[in-house]
Amino acid sequence: MKKLAMVAVLLILSGCNLRVLDPKSQTASDQAFLIYLSFGIMMFVVLVVAVLFIGFTWKYRETEKKRNDVPKHEEGNRTLEIIWTVLPIILLIGLAVPTVMITYDVSNIGASSEETMHVNVVAEQYRWTFEYENGKETHKNLVLPVDQEVVLHLTSKDVIHSFWVPNLGGKMDMIPGEENQMKITPSEEGTYQGKCAEYCGTLHTDMRFETEVVDQEEFQQWLEE
């Protein structure tokens with residue numbers, strides 16, 4: 001029975017994709033922070049509820065002494081009512097403020113500097129097109145320089161797609177006729193898997209690509225080839 005349980009746990013964990021919690025850009029780091037923050041708040045709430053549940057269960061358990069006692073009627077407790085009203089508001093503010101700030105920073109493309117690199121990303125059934133400022137195009141790989149701010153201009157030719165490189169940032173929808181923009185700054189060299197995170201047709205699984213983050217000099221050489 002224990003072996004069967006272990007096999008079940010391993011099968012469940014094998015389907016987990018933890019790359020979203022292995023950030024390789026400032027954007028991904030900020031978004032991972034929000035995940036940890038929200039998880040921490042939820043665990044705090046669960047812990048408080050568990051402690052209260054155990055405490056009340058123990059305090060009001062049936063004993064020989066209490067079996068025939070009738071609990072005292074309580075009209076209310078102003079202190080407790082203030083606590084369970086104010087505390088959730090504080091927790092929500094603690095989560096909402098950094099969420100709004102980080103979301104605004106990621107989408108505030110107007111604040112980008114002159115050194116910011118721009119890449120047009122076009123999705124269609126069933127391939128990607130990455131177009132750089134000098135006109136160079138790729139389809140299977142997106143190449144980016146490390147430690148440089150990049151703005152991705154995301155558009156779709158046909159149906160709704162969703163651009164997602166878990167290590168570099170959260171997914172963003174690509175809607176026909178509209179342009180969404182994403183700002184990222186890769187912080188570590190490496191090759192990271194990208195995909196379409198929105199089911200877009202029968203060959204949806206073909207919409208995978210690799211994002212290669214290289215040093216500045218290597219990127220310039222590749223760009224000029």
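Predicted model: local features only at pLDDT ≥ 70, side-chain atom pairs only at ≥ 80, totals over all residues.
Biologist: Let's start with the fold. How many helices and strands are there in the protein?

Modeller: Four helices and 10 strands. Going along the sequence, the order is α-α-α-β-β-β-β-β-β-β-β-β-β-α.

Biologist: And what share of the contacts links residues 24 or more positions apart?

Modeller: Taking contacts with a separation of 6 or more, 69% are between residues 24 or more positions apart.

Biologist: What about burial and the surface?

Modeller: Of the 225 residues, 29% are buried. The accessible surface is about 15,100 Å², and carbon and sulfur atoms hold 61% of that.

Biologist: On to charge, then. Which residues form the positive surface patch?

Modeller: A patch joins like charges within 9 Å, using residues with over 30% relative accessible area and no salt bridge. Here K59, R61, K65 and K66 make up the positive one. K65 lies in the loop that runs between α2 (26-59) and α3 (78-107).

Biologist: Why does K65 count as exposed?

Modeller: Because its relative accessibility is 73%, and exposed means over 50%.

Biologist: Why is E189 called partly exposed?

Modeller: Its relative accessibility is 43%, so E189 counts as partly exposed. The partly exposed class lies between buried, under 20%, and exposed, over 50%.

Conventions. Residues numbered from 1 in each chain as written. Heavy atoms only, no water. Buried < 20%, exposed > 50% of the residue type's maximum accessible area, 1.4 Å probe, protein only. Helix = DSSP H or I, 4+ residues; strand = E, 2+ residues; numbered from the N terminus. Contact = heavy atoms within 4.5 Å. Areas by Shrake-Rupley, 256 points an atom, 1.4 Å probe, with all protein chains shown as cover. Patch = residues over 30% accessible without salt bridge, like charges linked within 9 Å, V, L, I, M, F, W, Y side chains within 5 Å. Salt bridge = Lys/Arg side-chain N within 4 Å of Asp/Glu carboxyl O. Lys, Arg positive; Asp, Glu negative; His and termini not counted. Charge placed at Lys NZ, Arg CZ, Asp CG, Glu CD.
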